[in-house]
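Hi,

Here is the structure I promised to pass on.

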Protein chains: 2
Amino acid sequence: MEAAMEAAMEYVTALPAQTLHAFTKEVFERVGFSPAHAADGADVLLWASRRGVDTHGVRNLKLIYLRLLEAGMFNPNATFSIEHETPVSARVNGDGGLGLAAACWAMRLAMDKAEQSGMAFVTMHNSFHLGAAGYYPAMALERDMIGICLTGYFNGQGAEIGVLPTFGTKPMFSTNPIAVAFPTQDEAPWLLDMATSIAPYNRVALHRENGLPVPAQWGMTDAGEPTADAQLLHKMWPLGGDRAHGGHKGYGLSMMVATLSAVLSGGWDDGHDGDEKAFNGYKQSGDGHFFGAIRIDAFRPVESFKRGMDAMIQAIHAAPKEKGQARIYVAGEIEHETEQQRTRDGIPLTAATVADLKEVSEKYGVALEI
Amino acid sequence: MEAAMEAAMEYVTALPAQTLHAFTKEVFERVGFSPAHAADGADVLLWASRRGVDTHGVRNLKLIYLRLLEAGMFNPNATFSIEHETPVSARVNGDGGLGLAAACWAMRLAMDKAEQSGMAFVTMHNSFHLGAAGYYPAMALERDMIGICLTGYFNGQGAEIGVLPTFGTKPMFSTNPIAVAFPTQDEAPWLLDMATSIAPYNRVALHRENGLPVPAQWGMTDAGEPTADAQLLHKMWPLGGDRAHGGHKGYGLSMMVATLSAVLSGGWDDGHDGDEKAFNGYKQSGDGHFFGAIRIDAFRPVESFKRGMDAMIQAIHAAPKEKGQARIYVAGEIEHETEQQRTRDGIPLTAATVADLKEVSEKYGVALEI
């Protein structure tokens with residue numbers, strides 16, 4: 001639904017999704033990731049690019065993953081491990097590795113356990129940015145499961161940029177998204193992937209990079225003033241905005257995500273990491289994630305659930321619309337249509353992304369015709 | 001956090017919580033509920049009243065439960081039953097009975113299964129208004145579990161009053177709340193209980209009943225105009241409000257709640273109830289609910305989780321505050337403090353509730369000294 005906004009983005013060319021996928025995978029291998037991790041990483045980024053979620057697509061290859069890898073911020077040779085498990089749960093360690101691959105591994109673990117037990121949740125600590133949170137619940141769809149992914153970061157001493165707690169003046173939360181997918185029959189899969197802030201952080205970054213203004217309702221400057229300048233937007237509102245508009249609910253959801261992702265995974269404890277004498281300044285050990293997989297047939301037959309989803313979506317499609325709106329969308333529908341269009345026509349790229357990709361191509365000696 | 005708003009409510013007297021509890025239980029028995037169902041019903045209503053959640057407290061004894069029971073809207077002799085189950089799940093039938101008791105029964109089933117299996121979810125269809133959704137996750141706290149309750153209604157042909165889908169002009173959702181509780185050590189239990197609309201429906205009703213205006217951001221009239229008149233507020237905004245303020249996320253959460261509560265429980269299907277020739281007009285069979293219980297120790301030791309929660313809450317308490325705000329609250333904290341105060345000082349009652357309780361007392365011959 002960001003279509004109108006993205007229209008201001010200027011695309012200079014387009015490349016086939018499979019070309020960008022092969023390139024991304026090869027670059028990830030060249031910088032030291034295993035072929036399996038590189039493939040997962042490319043899958044996640046290209047999924048976002050195909051679906052029009054440019055904020056989380058190939059645009060981030062250099063901007064987030066290669067830049068921070070070069071800065072030594074994460075570990076190319078990570079081994080993901082299970083620290084505790086039951087037939088329905090696991091607490092796992094991302095070993096400071098590529099979050100995209102770590103998250104795929106953890107989501108597969110949740111699905112395999114759910115296959116056996118009916119449902120399972122996996123919490124991961126010590127991980128890194130996992131890309132588009134919606135990718136992981138979408139993995140569950142072909143197995144006729146409900147998929148869930150949350151990822152959260154809580155900064156106990158406040159961050160320069162982030163989401164405010166209601167009545168607070170210091171950002172303490174990342175934009176802590178909630179992503180949930182439900183399988184359907186003929187309709188597009190229902191897929192909610194939402195930051196618990198009004199706007200996700202990566203969208204602010206995208207606007208900043210492209211010199212575009214931001215809507216005043218997204219957040220405030222350091223001084224607490226509304227701003228249209230993406231560079232100055234540091235204090236982001238939780239979903240709802242201020243207290244009068246229900247912002248305490250967005251803040252509550254953000255803290256719920258932080259708890260399930262970070263406290264339940266062991267990524268956030270009492271600030272001592274087990275050493276009572278050494279207070280670590282409330283530091284969270286890397287990003288925390290939470291993955292869930294729930295078999296539909298643990299409750300009712302898959303086919304009747306899917307028919308019910310289709311009927312619900314069709315009832316919404318048929319409902320009366322606001323003047324000027326041709327359609328009422330359900331979650332994931334616009335992205336599903338974009339995916340079909342971009343799979344056919346290629347992934348459009350901005351000048352900034354083209355420049356980044358060319359630089360990566362030269363630097364790592366991986367050919368890419370743009 | 002509704003304290004400022006409730007200050008406009010005029011209380012005329014107060015009664016001890018145990019007096020109101022005994023009265024409520026006896027009235028429920030007098031109208032035909034079993035002692036066990038009556039006790040559960042009184043527990044849920046008084047829990048809300050003690051916590052200052054007057055919208056869901058004893059105020060509703062006559063207004064919702066007795067009124068609709070007399071109108072034949074639900075079944076005093078309900079038998080709750082399991083239609084399908086696994087060690088981690090159940091789909092259950094509320095038999096059109098007292099939602100307060102049905103929900104207690106279903107939440108206990110989820111907790112008992114979780115005790116054995118680590119976690120469990122129970123979906124219920126054919127139920128009725130369950131009161132304060134937060135009561136059920138709170139039940140899980142003393143068992144060192146995370147508790148979850150969702151309750152949802154989707155109206156495929158639109159309702160007179162309810163929540164709008166983004167770009168739609170017909171209310172299609174109830175205010176479909178999300179309630180989640182996390183155990184803590186010394187801090188108040190963390191308990192989020194939020195409608196996925198800006199304001200819950202019962203709050204609109206409370207304002208209407210007390211002749212109070214409503215904030216314009218809560219919703220619109222039938223004609224789509226903002227209004228301060230609680231009588232005319234029919235089209236409620238999802239959390240976030242319009243599209244520019246992130247309202248599509250509140251709408252997405254509302255549909256997620258409807259799906260987990262109604263589609264997964266079998267309360268909503270394809271509008272045919274199994275009979276392909278008879279379209280029922282997309283009718284949902286009663287309220288749908290979703291209950292979850294998750295053992296903390298399926299992931300990490302309970303004590304470290306609780307210490308982590310306390311540390312997170314203390315970090316938020318210590319953060320810098322907006323001018324004019326003495327505290328930053330976390331979810332459930334104000335209600336926890338109100339509970340302590342009202343347990344000591346009694347439950348304050350408005351003139352309207354006093355009149356209702358007197359009428360109920362006379363009608364059913366259950367003594368109450370006011």
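Two residues are in contact here if their C-beta atoms, placed from the backbone, lie within 7 Å. Please keep in mind that this is a predicted model.

With that in hand, let me start with A:Pro171, which sits in the loop between β6 (162-163) and β7 (178-182) of chain A. Leaving aside its neighbours within four places in sequence, A:Pro171 is in contact with A:Gly158, A:Ala159, A:Ile161, A:Gly162, A:Val163, A:Leu164, A:His234, A:Lys235 and A:Met236. For A:Gly158, 13 residues away along the chain, the C-alpha atoms of the pair are 5.4 Å apart. A:Pro171 counts as buried because it has 22 C-beta neighbours inside 10 Å, and the cut-off for that is 20 or more.

Next, a helix pair in chain A. The axes of α4 (residues 60-70) and α11 (residues 351-364) of chain A come within 8 Å and cross at roughly 50°, so α4(A) and α11(A) are oblique to each other. On the α4(A) side, A:Leu61, A:Lys62, A:Leu63 and A:Leu66 make the contact, while α11(A) brings A:Asp356, A:Glu359 and A:Val360. By class, that gives 4 nonpolar, no polar and 3 charged residues.

Finally, the two chains: 69 residues of chain B are in contact with 69 residues of chain A. Elements giving two or more residues to the chain B side include β2 (81-86), β4 (119-127), α8 (247-263) and α9 (302-317) of chain B. Of these, α9(B) gives the most, with 10 residues. The side of chain B that touches chain A has 35 nonpolar, 23 polar and 11 charged residues.

Best wishes

Conventions. Residues numbered from 1 in each chain as written. Chains lettered and ligands numbered in written order. Predicted model: local features only at pLDDT ≥ 70, side-chain atom pairs only at ≥ 80, totals over all residues. Helix = DSSP H or I, 4+ residues; strand = E, 2+ residues; numbered from the N terminus. Nonpolar A, V, L, I, M, F, W, Y, C, P; charged D, E, K, R; others polar. Buried ≥ 20, exposed ≤ 12 C-beta atoms within 10 Å, placed from the backbone. Axes fitted to C-alpha atoms, helices over the stretch in contact; angles between N-to-C directions. Parallel < 35°, antiparallel > 145°, perpendicular 65-115°, else oblique.
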